[in-house]
Amino acid sequence: MTGKFHRLLHALTHPLVGAIGFGLLIWMLLPRVVVVIDDDFGYLRSVVETCQRGRPWTYEWLTPWAASMSILAATLFKITGRFSFAIHFSLALAASLGFLGLTRYLACNGISRGKACLIAFLLLGSPTVLFMLVMFTSVALYLGCLWMCVHFARQKRWSWFYLFWFIGLAARQSAVVWLALPGW
């Protein structure tokens, strides 16, 4: 019994399992329909226009930022034909990405997988961060890309770093300062 429990606990503290679980938590927190909070309308309009125009497009004051989240959600909408699924899955995926990047970074710095998952859950599940993860503003994807960039910079895996940096930069302009991470 103890061996089975230990294996189960070990599996549950794996960063990928934790990331999927955190993404599911975000999914369950979202209402069944897409709800507009604050300036979400601009980001949602970007997704709609990306679908209608058949190319990346961002709404007025977002130009040129928020393109990566618009492309992700528009692609999911084109595949599934369900707008609410596309928006909610994009948010869940972005939250999972943040959880995975943060836990991987912590684990690479000597923190046990269980503690890394707990720290990631407490940090990303704090009220302010959690609120930003359920809003459809590119912050969720930006935050996920930030933690992946931090992790890959620590690992000196520059091709992965620049991939997530580019996605983050296409989400929000402030990602340009992440170029300081390789020097850090």
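Reader: In what order do the elements of the protein run from the N terminus on?

Author: In this predicted model, the order is α-α-α-α-α-α-α-α-α. That makes nine helices and zero strands.

Reader: Thanks! What radius of gyration would a compact globule with 184 residues have, and what does the protein have?

Author: The idea is to set the value beside what the chain length leads one to expect. A compact globule of 184 residues would come out near 16 Å, and the protein has 17 Å, which agrees. For the dimensions, the C-alpha trace spans about 55 × 40 × 30 Å along its principal axes.

Reader: How much of the contact set with a separation of 6 or more comes from residues 24 or more positions apart?

Author: Such pairs account for 62% of those contacts.

Reader: What is Leu-133 in contact with, leaving aside its neighbours within four places in sequence?

Author: Leu-133 contacts Phe-22, Ile-26, Leu-91, Ala-95, Leu-124, Ala-140 and Leu-143.

Reader: And the outside? Which residues make the nonpolar surface patch?

Author: Start with the whole surface: the protein exposes about 9900 Å², with carbon and sulfur atoms supplying 69% of it. The patch itself is about 670 Å² and is made by Leu-16, Ile-20, Leu-24, Trp-27, Met-28, Phe-89 and Leu-93. Two or more of its residues come from each of α2 (15-29) and α5 (83-108). The largest share, five residues, belongs to α2, the helix in which Ile-20 lies.

Reader: One last feature. What is the phi of Lys-156, and is Lys-156 buried or exposed?

Author: Lys-156 has a positive one, near 60 degrees, and is not a glycine. You will find Lys-156 in the loop between α8 (139-155) and α9 (158-171). Lys-156 counts as exposed because its relative accessible area is 61%, and the cut-off for exposed is over 50%.

Methods: Residues numbered from 1 in each chain as written. Predicted model: local features only at pLDDT ≥ 70, side-chain atom pairs only at ≥ 80, totals over all residues. Heavy atoms only, no water. Helix = DSSP H or I, 4+ residues; strand = E, 2+ residues; numbered from the N terminus. Buried < 20%, exposed > 50% of the residue type's maximum accessible area, 1.4 Å probe, protein only. Patch = residues over 30% accessible without salt bridge, like charges linked within 9 Å, V, L, I, M, F, W, Y side chains within 5 Å. Areas by Shrake-Rupley, 256 points an atom, 1.4 Å probe, with all protein chains shown as cover. Salt bridge = Lys/Arg side-chain N within 4 Å of Asp/Glu carboxyl O. Contact = heavy atoms within 4.5 Å. Rg over C-alpha atoms; globule rule 2.2 N^0.38 Å.
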